[in-house]
Amino acid sequence: FTTDVLFFEIVAGLSAEFSRRGMQFVLHVAEADEDIIAVYQKLAGIGALDGFVITKPMVDDPRIAYLANRKIPFVVHGRMPSHVHYPHFDIDNEHVTDDAVSRLVALGHRRIALINGEATFTYALARLKGMRTALSRAGIAFDEALVRSGQMTEELGYQTTLDMMALSDPPTAFYCSNVLIAAGVYRA
């Protein structure tokens with residue numbers, strides 16, 4: 001979590017808003033190898049929680065299905081790529097990426113790299129779709145060699161930039177999924 005600045009900003013904002021409303025905010029971080037549904041069953045079974053805030057939704061996220069099926073209140077920071085039938089807060093990652101890549105194309109770039117978050121998360125898939133859409137509309141072939149996914153860190157931006165700049169036909173522009181990645185690109 002030390003490199004996930006956005007996570008800390010979300011937690012701080014939620015904590016402050018819940019406090020302002022006279023409510024308690026409890027943070028529970030499950031281990032990566034834990035059965036997440038078992039964790040949710042345990043937390044819901046305590047009876048002390050009014051609801052859940054889910055971050056980093058995945059495609060076919062079992063947390064959302066579990067809570068929705070049991071009518072346990074929740075809100076999601078993000079959304080599934082299809083119809084959203086639950087409360088959420090998010091940006092339109094697909095549109096933002098489409099717009100940014102279209103601007104780079106308008107500036108004359110034809111080799112645009114995408115350094116993205118982990119491919120299991122819905123926001124990363126939406127960004128990839130936005131890039132594909134913008135390139136297709138401009139008649140530019142999508143090049144898989146110009147896409148990297150991973151934990152959004154400065155090191156990902158740095159190493160990916162070094163690797164891509166060594167290609168025989170390197171990118172002329174980079175679209176970064178967050179400022180940490182962008183810092184790595186600038187450093188490279």
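Of the 188 residues in the protein chain, 35% count as buried, where buried means under 20% relative accessible area, exposed means over 50%, and partly exposed lies in between (1.4 Å probe, protein chains only). This is a predicted model, so local features need pLDDT of at least 70 and side-chain atom pairs count only at pLDDT 80 or more, while totals for chains, interfaces and linings use all residues. Residues are numbered from 1 along each chain as its sequence is written, and side-chain values use heavy atoms, with hydrogens and water left out.

**Overall layout**

- The protein chain has 7 helices and 6 strands; these are DSSP runs numbered from the N terminus, with helices being H or I of at least four residues and strands being E of at least two.
- Going along the sequence, you read the pattern α-α-β-α-β-β-α-β-α-β-α-β-α.
- The C-alpha trace of the protein chain spans about 60 × 35 × 35 Å along its principal axes.
- If you take contacts between residues at least 6 apart in sequence, 54% of them join residues at least 24 apart; contact here means heavy atoms within 4.5 Å.

**Nonpolar cores**

- In soluble globular proteins, nonpolar side chains tend to be buried together.
- A nonpolar core is a set of buried Ala, Val, Leu, Ile, Met, Phe, Trp, Tyr and Cys residues joined through side-chain atoms within 4.5 Å.
- The largest one has 13 residues, and the members that touch the most others are V101, V105, I112, L114, M131 and L135.
- At least two residues of this core come from each of helix 4 (93-106), strand 4 (112-116), helix 5 (122-137) and strand 6 (173-176).
- The top contributor is helix 4, with 4 residues.
- Look at V101 on its own: setting aside neighbours within four places in sequence, V101 contacts I112, M131, A134 and L135.
- There is also a second, separate core of 12 residues, with I54, I64, F74 and Y86 among them.

**Helix pairs**

- Two packed helices are described by the angle between their axes and the distance between the axes.
- Axes are lines fitted to C-alpha atoms, for helices over the stretch in contact, and angles run from 0 to 180 degrees between N-to-C directions.
- A crossing is right-handed if the near helix is turned clockwise from the far one by less than a right angle, and left-handed if anticlockwise.
- Helix 4 and helix 5 pack at about 35 degrees with their axes 7 Å apart, and helix 4 passes helix 5 in a right-handed crossing.
- On the helix 4 side, the residues that meet helix 5 include V101 and V105, and their partners in helix 5 include M131, A134 and L135.
- Sorted by class, the contact of helix 4 with helix 5 has 7 nonpolar, 5 polar and 5 charged residues; Ala, Val, Leu, Ile, Met, Phe, Trp, Tyr, Cys and Pro count as nonpolar, Asp, Glu, Lys and Arg as charged, and the others, Gly among them, as polar.
- Helix 6 (residues 154-165) and helix 7 (residues 179-187) have axes that come within 6 Å and cross at roughly 40 degrees.
- Helix 6 and helix 7 are therefore oblique to each other, since angles under 35 degrees count as roughly parallel, over 145 as roughly antiparallel, 65 to 115 as roughly perpendicular and the rest as oblique.
- The crossing of helix 6 and helix 7 is right-handed.
- In that contact, E154, E155, L156, G157, Y158 and T161 of helix 6 meet L180, I181, A183, G184, V185 and R187 of helix 7, which splits into 6 nonpolar, 3 polar and 3 charged residues.
- Helix 2 (residues 36-46) packs against helix 3 at an angle of about 35 degrees, with the axes 10 Å apart, and this crossing is right-handed too.
- I36, I37, Y40 and Q41 in helix 2 meet P62, R63, Y66 and L67 in helix 3, giving 6 nonpolar, 1 polar and 1 charged residues by class.

**Loop residues to look at**

- Most residues other than glycine have a negative phi.
- K56 has a positive phi, near 50 degrees, and is found in the loop between strand 1 (52-55) and helix 3 (62-69).
- With a relative accessible area of 33%, K56 is partly exposed.
- K71 also has a positive phi, about 55 degrees, although K71 is not a glycine.
- K71 lies in the loop between helix 3 and strand 2 (74-77) and is exposed, with a relative accessible area of 73%.
- R70 is in the loop between helix 3 and strand 2 as well, and R70 is partly exposed at 45% relative accessible area.
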